[in-house]
Amino acid sequence: YYRLLLVPALFLCAASEILHSQTSNDSIRYEMDPITITATRFPQPWLSVPLALNVLQLNGAYQGKGYGLDEILSGVPGVLAQSRYGNQDVRLMIRGFGARGVGQRSNAGTTRGIRVLVDGFPETEPDGRTSFDLVDISGAGTVELIRSNASSVWGNASGGVLNVISNSDFESPFVNYSSSFGSFGFRKEQVQVGSMLDAGRFFLSLSNTNFDGWRYHSGSSQTLLNTGIVSSLGERTTLGVFLAGTTNLFRIPGPLSQAQFDSLEEQADSSFIKRDDRRFNRLGRIGMKVSHDINGMNNISASAFVNAKLLQRSERNRFRDFNRYHTGGNLVYRNNASFGNNMKNMLLIGADEAYQDGAIHFYDLTASGDRGTVLVANKREGANNFGAFIQDQLTFSEEFSATVGARYDNITYYYENYVDNVAPTNDKDQKSFKRVTPKAGIIYHVSPTQSVYANLGGGVEVPAGNEVDPDPSIGTATVTLLNPLLEPISSTTLEVGTKQILTIGEDEHVGTLAYDIALYWLQVTNDIIPYDGGGFYFTAGKTRRMGAEVGAHLNLTNGLSFETAITASSNKYVEYVIDSIHYGSPGKSLDLKDNKMSGVPDFFYSIGAKFAPQVLKSAFVRIGIQGVGKYFADDGNLFTVRSYSIINAAVGVDHFKFSNSSFFVRAFVGINNLTDKKYVAAAWINPQLVNNLPVFIEPGLPRNVVGSVSIGLDL
């Protein structure tokens, strides 16, 4: 794997030197807009941040299903995004963080260890869980991704940061309607509007998606609204008001054994069908952001949001009603100072507060999978996350700068049980996790379009709400509501890398190459491990993750473009002893030192090409291949998930206009999994055994077609 990675890495380095020798600093031209990222908590140029970053420009014109994050993140190095059933339920992992976020116990439709934001508002809950209900891909303008651990500015569960920004930064008004179709009953209708106000912009994205599902019992439907206004209140003040809401229903087919997968991958687990396992989520959020320039050196910004949630689930022979509210906000102060001609300083101080609370009612399940009349449990689950951070960036010259910072987090759980005849005997419990995470980084600009960087920092992640249940095998479930043996994950990351944007051609412009290379070393203490298919969790000793990532995008003036993302890594347990009392064998233990980390492949990649010559007036052809190496579904390294590679292709037209008309058309048709490869899309970690066989496989979609036609006006 590492040899394979060296080929593109050496090619990029050689190309960089050749092209750099052909192009002086004075003649370098950006053929793309300057890349800026805001997920670092203030706008910064991509080249000037000492972290591995990606910025994807979608501009509300994504041409695909626009349903799951796997569609847009499969071409990002270090990020593994796998669709579990073909809808928005995606297994998302960045450098091993999030690997445990699949399985049976309330993990459907959520992820762990990665902070997800929509327009800067947290989708990630205070305990670290994230659902994707309000993530609007097809209505997004920009998607920002931090691949490095960002706990020093974002706190708990920030092994990576994903910020989905609505299409609110358009240059002129527009309106468009799109209708999408595809295999297995996929249908999507969407309306997008962008309007200029006297001092700002109004945007709206409204979509309705239906998917019959390709496996039995895997249908889904979603209606999603995302709208807002961003406006200036004067020369120095900007106000944004954002509103989002969704109703989201999806059924869960469950995992298969290897024998079931080999015989008929469309089938579903019979118990999931019998219980009609599903999620029916209804959510709404209103948020407000304000930014004010006090003067040319000082800025203060603040945000606040309220998110109401009504969640219903059928699982494990119970019908579950969740009524929750998630509220919070932040306050950030920024000071920019100059010392002489070259030396500058930027000081960032901020605080975040997020609180979620609500009632959970468990009922018996009827034979048809509906809510029964017997109240089995009545609980309260609350969590609060307060964090405060400081960061200082000192720029010594145009070439060199250094950044240091730290963050303090206090995450507290509040659990109460209101049904007296249900264990445990105590009816109230509370637990707090506190941690300080530092960060330091340096960056050196080799030229105005190339930088090299290094950073060293810490990370923190506390157990998610459904991971704090006590282990029933050792009796603690009868005396406490919260697992007393869980500790927060702490990690240390060392990363070095380089980024460059090159204009190809000295006298005659040929194209533009942008690439980044990152090497990282991660040591994680108290990794949270699921047992018994996610029935309970404990913290393991240590894991060590080392990897290399290469990403590149080449645009040529003849309309040909190429992109690639390659990740090679080694992920092992360096300390991990299982006390077999948890499996009914007291007095015995199992040492899993040097085993590979479950759920994390050592190698995965994406390679794509697109041809859109100007002579064809917005028409294009694209083809891509995605591959994932084999990995293990269990800590004992007994259950193997096979490697796979799939090919996707599409043809279409992008924003075609008729003469001088303001009317435009976008259309495409694509074939995914062109060769009809049979493969495992995702796997349950440390699965349960059924008839002594592990049940862990979630099959990937067979060959399928997707297409869309959009019509609109540039006003």
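Buried means under 20% relative accessible area, exposed means over 50%, and partly exposed lies in between (1.4 Å probe, protein chains only). The views below come from a predicted model, in which local features need pLDDT of at least 70 and side-chain atom pairs count only at pLDDT 80 or more, while totals for chains, interfaces and linings use all residues. Residues are numbered from 1 along each chain as its sequence is written, and side-chain values use heavy atoms, with hydrogens and water left out.

View A. Strands (E, at least two residues) and helices (H or I, at least four) are DSSP runs, numbered from the N terminus. With a relative accessibility of 22%, H361 counts as partly exposed. Which residues does H361 touch, leaving aside its neighbours within four places in sequence? They are F319, R320, D321, L375, A377 and N378, where contact means heavy atoms within 4.5 Å. V376 is 15 residues away from H361 in sequence, and their C-alpha atoms are 7.6 Å apart.

**View B. R112 sits in the loop between β6 (110-111) and β7.** Is R112 buried or exposed? Its relative accessible area is 1%, so R112 is buried. Its side chain makes a polar contact of 2.9 Å with the side chain of T110.

**View C. Five strands form an open sheet with mixed pairing.** Follow the order β3-β10-β11-β7-β8 across the sheet. Two strands pair if DSSP finds at least two bridges between them. β3 (53-57) and β8 (121-122) are the edge strands, each pairing on one side only. β7 (residues 115-118) runs antiparallel to β8, and two bridges link them. L117 has P122 of β8 as its bridge partner.

**View D. The largest nonpolar core has 34 residues.** A nonpolar core is a set of buried Ala, Val, Leu, Ile, Met, Phe, Trp, Tyr and Cys residues joined through side-chain atoms within 4.5 Å. Y576, V641 and F696 have the most contacts inside this core. At least two core residues come from each of β27 (528-531), β37 (644-657) and β39 (680-683); β39 gives the most, with three. Apart from this core lies another, of 22 residues, including L53, I146, V332 and L348.

Key:
A polar contact is a pair of N or O atoms within 3.5 Å; within protein, one must be able to donate a hydrogen and the other to accept it, and residues adjacent in sequence count only if both atoms are side-chain atoms.
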